Each structure stands twice: as C-alpha cells, then as structure tokens.
Amino acid sequence: MTSAQLEIQLIGAIVAIACAIPGTFLVLRKMAMISDAISHSILPGIVLGFFITQDLNSPLLILLAALTGVITVILVEFIQKTGLVKEDTAIGLVFPALFSIGVILIAKNANDVHLDIDAVLLGELAFAPFDRLVVDGMDIGPKSLWVIGSILLITLTLLLLFFKELKLSTFDKGLAATLGFSPAILHYGLMTISSVTVVGAFDAVGAVLVVALIIAPAATAYLLTDNLKHMLFLSCCFGIFAAIAGYWLANVLDASIAGSMSTVLGIVFLLVYLFAPKQGVFSVFFKERQQRKEVSLLVFLLHLQNHQEAEERHVNHLREHINWQKVQAKTVLELASKNNLIYISDNIVSLTDKGQEFTDEALLYITTNKVTAIEELKERFFLFRG
Amino acid sequence: MKDRLPAIRIDDLTVAYDYKPVLWDIDLIIPEGVLMAIVGPNGAGKSTLIKSILGIIKPIAGSVQVFGQPYKKQVDKVAYVPQKGSVDWDFPTTALDVVMMGTYGSLGWIKRPGQKEKKLALEALEKVGMLEFKNRQISQLSGGQQQRIFLARALVQNAAIYLMDEPFQGVDATTEKAIINILKELRKAGKTLIVVHHDLQTVPEYFDWVTFLNVKGIASGPVKDIFNDDNLTKTYGINYKVAVNQ
C-alpha cells in the first residue's frame with residue numbers, strides 16, 4: 001500500500017466519523033433530510049468563499065459555506081412557520097434555489113474557479129493527497145486531512161461536553177426548555193456543526209454522497225442497539241468500515257471512491273435491515289411465526305384442560321373442533337409432546353402433570369393480564385420453542 | 001397564610017396561536033400546597049396554560065409569577081410532566097436514563113450525572129414501582145409504565161410545584177390509583193400539584209382544588225365549594241349533570 005492509498009483511506013475514515021456523529025442526532029431528531037438540504041445549499045457559500053479566499057481549504061471559506069447551511073435551516077423553518085407549506089416542501093423549495101445559484105456562479109466563472117459540477121456532486125477523494133500542507137518547507141500531509149481532522153476534533157470536543165444536553169433536547173425538547181437548556185441553542189449548535197462538517201467533507205465526497213455518510217451509518221446502528229452511546233459508536237464503526245472497504249472496492253472496480261463508499265454503506269444497511277438479531281426483517285418474521293405457533297399451543301392446552309371427556313380429546317376431533325388445518329394441528333401436537341406437556345394413548349390426548357401445571361399458571365397470567373410473565377413461564381417450561 | 005406568596009399567580013394572561021386566542025385574559029391564583037385539577041373541554045387551552053406557566057409558550061399579554069418571581073428565576077422549583085405522546089419512545093435509552101434526565105436541571109450545563117444522581121433516580125423508580133424495569137428500553141414499556149417513568153423523572157427534580165399534562169391518559173386503573181397515591185403523598189409533603197384532568201367523575205375523589213377553563217377562566221377554588229353543575233355547565237356549554245358530593 002502506498003502512502004497516498006493510506007492517506008485516502010485515512011481521510012475517508014475521518015470524514016465518515018465526522019459525519020456519523022451529527023448524523024446520529026439528525027436521524028433521532030427525524031431531521032435526516034435537512035442534511036440533504038444543507039449539503040446542496042452550501043454550494044454558493046463555497047463558490048463565494050473561493051472568490052474571496054482563492055483556497056478551497058481555507059477556514060474562512062469553510063465558515064462562510066457553513067453559514068449558508070445555517071441560513072438554509074433558518075429559511076426552511078421560516079417558510080414552514082407560515083403554515084402555508086409543510087416541512088418537506090419547504091426543504092424542497094430552499095435547497096434547489098440555493099444550489100442552483102451555486103451552479104450558475106460556477107458556470108459563469110468556470111475559468112477562475114477550480115471546481116466542476118461532477119466534483120461538486122460526487123467529490124474526488126483520489127486527488128486529495130496531491131494538495132499538501134507545507135509548513136516551513138516541510139510537508140505535513142494532505143490539506144484536506146488537516147481540515148477534516150480539525151473539524152472532527154471540534155465535533156468530538158462538543159459531543160463530550162454537551163452529550164447530556166444533546167440527548168435531553170433530542171428526546172424531550174419540552175423538558176430541556178423547562179430545565180433551562182435552551183433547545184434553540186442546541187438545535188442551531190447542531191445545525192452549525194452539521195454544516196461545518198458537510199463543508200469539510202464536501203471536497204472529498206461531494207454534495208450528494210455526504211448525505212449517505214450522515215444518514216446511513218446512524219440508520220444502520222439504530223437497528224442494532226437501544227443505547228445512544230452504542231449507537232454513536234456503531235455509527236462511527238460503520239462509517240470507518242465503509243471508508244476502507246469502499247476504497248478497495250473502488251480500486252477493484254476502477255470507480256469513484258465516494259460512490260463505492262456509499263455503495264458499501266447501502267449494502268451494510270441492507271444486511272443489517274434483513275438480519276439484525278432483534279429488529280431485522282427475518283428475525284421479526286421468525287419471531288412472529290414462533291409466537292403464532294406458541295399461541296396455538298396454548299389454545300390447545302386450554303382446550304384439553306377444559307374438557308375431561310374422552311371424545312373431546314380425540315386427535316381427529318381436535319382437528320375438526322379447533323378448526324385447524326392438518327399441518328398446523330400436527331406442528332402443535334408435536335411441539336406439545338416434545339415439551340412433555342401432553343401424552344397420547346389410543347389417539348386420546350391428555351395433559352401431563354407438567355402440562356397441567358403450565359396451563360394453570362398460564363391461565364392465571366392471562367386472566368390477570370401479565371403478558372411478560374407468560375414469556376418467562378415459557379422459558380421455564382419449554383425445552384423446545386416453536 | 002395571608003402573607004404567604006401563592007405558588008402561582010397569573011395576571012391578565014392572553015395567549016394566541018396565529019391571532020386566534022387560546023387563553024383569554026386569565027387571572028388565576030393557585031395557593032401553595034393544593035392538589036388542583038384543571039378541567040375543561042378539548043381546545044379549552046389546558047395544556048397551553050401549563051406551557052405558558054413554564055414559559056414554553058410566550059403570551060401576547062399578561063404575566064405569570066412563580067412564588068412571586070418570573071418562572072425563569074424559579075426553574076428549579078418547578079417540575080413538568082408532559083403528555084406521554086410528546087416524545088418518541090423509540091429513542092435509544094432506558095427507563096433509568098430517562099429518570100436521570102430529571103436531575104439535569106440541578107446539574108446545569110456540561111456537568112455529567114454521577115452516582116448521587118443515579119441513586120436519586122433509583123429511589124424515584126422504586127417510589128413509582130418501576131425499579132425492576134430500570135434497564136428496560138423505553139419502547140418496551142406499556143403506556144402506564146411510561147407514564148410512571150415520567151412521574152419518577154419529575155420526582156427526582158424534588159420541586160415545590162408539579163405541573164402534569166394528563167398523567168392519567170391511557171393508563172389502566174391500577175396505575176391511575178398508584179399515581180394518585182403518589183400525588184396525594186406529595187401534597188402531604190407540602191408540594192403544589194397542578195394536573196390537567198379529563199375524568200370529571202374522579203375530580204372530587206382525587207383533588208381538593210379545581211380550575212374550570214374554557215379559553216376564559218370560569219372558576220377556581222376548593223372542590224367542595226365550586227365543583228357543581230352550574231360551573232360545569234358554564235365550562236362545557238351543555239347542561240351538565242355530574243354526580244357530585246354523593
């Protein structure tokens with residue numbers, strides 16, 4: 001691996017972490033799409049900043065562009081507050097307007113501005129190592145690494161200082177306000193950090209793909225944990241993974257690095273969405289199937305308990321009486337006998353002592369509406385689950 | 001009693017959303033140590049009144065004083081239990097953590113909660129009978145349990161005044177009894193409790209003070225004196241008969 005390759009992955013990983021942290025809070029605040037608005041509308045800020053500073057990595061340019069991001073948020077809120085349009089419409093009105101001003105500015109001054117539309121949309125991580133920061137004649141690394149590194153450092157410091165306040169105002173704005181933590185300050189603080197991050201990441205991944213880096217890691221982590229700190233940590237991990245895996249995917253496919261990073265993020269999300277242990281699509285499907293089977297089993301056991309007479313407990317009668325199809329009746333019977341809850345002699349089904357005990361206790365919990373106790377009961381009695 | 005400041009004093013309060021008055025010229029004095037219900041039909045401005053006391057909503061006229069001073073100077077004396085539906089229960093956090101949030105006000109900015117705050121939160125959880133659920137993710141709690149968590153969060157604030165927005169909404173009878181017992185205990189300890197309430201039948205049983213509200217203030221005073229068909233009819237606009245004082 002050459003040092004340029006290493007640098008690209010490092011920049012990618014740091015961009016990903018810097019995006020994942022505000023992204024986690026944006027996702028929890030249901031404001032994910034505001035990052036889309038910011039990432040587009042900072043363009044005029046970048047172009048204007050470039051006219052003034054002539055340097056894409058100048059801190060002044062970053063601040064100017066970030067200011068455009070915050071203005072976007074204010075404009076969206078202003079339009080929304082009139083009550084004439086909804087928030088999503090307001091976002092859709094503001095950012096294309098600002099973005100198109102940026103596009104026109106670039107087109108009009110194409111000769112002066114070292115920016116083209118492709119790079120604006122998709123970024124170009126591959127060129128990042130060529131622009132070096134030289135201090136006293138010494139090369140201390142790519143400029144963009146220093147820029148995004150500084151932004152990450154600021155973000156991390158603010159996160160450590162104001163984690164409690166951010167958590168509170170994200171979960172319960174009303175309580176935050178009554179406890180004296182101004183939700184407005186925290187809101188615009190988060191918007192400012194998001195804007196600065198987006199500007200810093202813009203060079204590397206562009207206006208469209210930066211949204212993927214903000215939203216996808218947080219959305220993926222959200223499916224895996226119910227602890228905010230873990231969610232932040234997991235978001236960062238997914239971001240780093242996407243940066244490194246994306247780089248090598250781009251290498252193999254000879255394609256855009258930012259595009260590959262986003263693709264990796266999309267795939268990771270899809271996998272987690274399908275296979276997450278608690279909330280994944282498959283896990284939910286199997287859990288529901290298991291629950292259906294176990295509810296049927298309970299119905300069956302209650303029926304046995306209710307009827308002492310032999311003809312009510314005949315295998316064939318059960319099938320007709322409870323109105324189950326053959327397959328379902330068979331699985332339920334099997335599940336019950338595997339767990340030693342019933343025994344069958346001469347095609348007459350009876351509860352075992354264990355089955356009797358289980359049914360009595362379950363009945364008690366059903367009548368007193370203690371659903372969680374039934375789950376614990378199953379844990380105690382079942383050798384096999386449905 | 002005469003020289004004591006009322007817990008809350010509201011003068012000429014008017015609140016409007018988009019020029020439509022929601023609360024109109026409210027004058028209200030809430031003495032210290034009462035357990036008070038705010039009753040009134042939907043859209044009467046009950047929640048708005050509570051939010052105006054807390055300064056969450058800015059009035060277009062009038063003033064609110066908490067123990068003789070503006071709310072901003074008395075933040076630590078007031079605890080607020082919002083409506084359960086006002087937050088996203090899918091938020092990645094546990095019951096204990098939500099209750100700990102009640103201590104943030106006394107911590108102030110930047111300072112993190114520590115062992116002392118955790119102990120307070122655990123005590124509050126115990127008081128509302130939720131200790132065994134302390135590590136449960138909040139979306140895994142039933143509606144009644146979520147309401148108890150909110151109550152516990154207000155308890156750790158150890159305030160003098162508790163403002164509650166429909167704490168009995170969507171909870172079962174057991175939880176309702178448990179909550180009202182805690183409220184009565186708080187009143188015994190000298191706290192002032194202001195509760196937005198919907199079930200008129202239980203007003204005489206639960207509360208000792210009542211405020212009738214329908215955009216304008218209709219009446220406010222001891223339940224035994226003013227909770228009658230006359231005031232109910234004035235508030236709800238129909239000829240209201242409720243079994244009172246039986």
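Analyst: Buried area here is the accessible area (1.4 Å probe) that two parts lose on being put together, summed over both. Between domain 1 of chain A and domain 2 of chain A it is about 350 Å², with carbon and sulfur atoms giving 53%. This is a predicted model: local features need pLDDT of at least 70, side-chain atom pairs count only at pLDDT 80 or more, and totals for chains, interfaces and linings use all residues. Residues are numbered from 1 along each chain as its sequence is written, chains are lettered from A and ligands numbered from 1 in the order written, and side-chain values use heavy atoms, leaving out hydrogens and water.

User: Where does chain A split into domain 1 and domain 2?

Analyst: Domain 1 covers 3-279 and domain 2 covers 282-381; the bounds come from an automatic or database domain assignment.

User: How many salt bridges cross that interface of domain 1 and domain 2 of chain A?

Analyst: The rule finds 0, a salt bridge being a side-chain nitrogen of Lys or Arg within 4 Å of a carboxyl oxygen of Asp or Glu.

User: And how many over all chains?

Analyst: The whole structure has 13. One of them joins A:K164 and A:E165 at 3.4 Å, N to O.

User: Are A:K164 and A:E165 buried or exposed?

Analyst: Both are buried (under 20% relative accessible area; exposed is over 50%, partly exposed in between; 1.4 Å probe, protein chains only).

User: What does B:K119 pair with?

Analyst: B:K119 meets B:E123 in a salt bridge of 3.6 Å, N to O. B:K119 counts as exposed because its relative accessibility is 56%.
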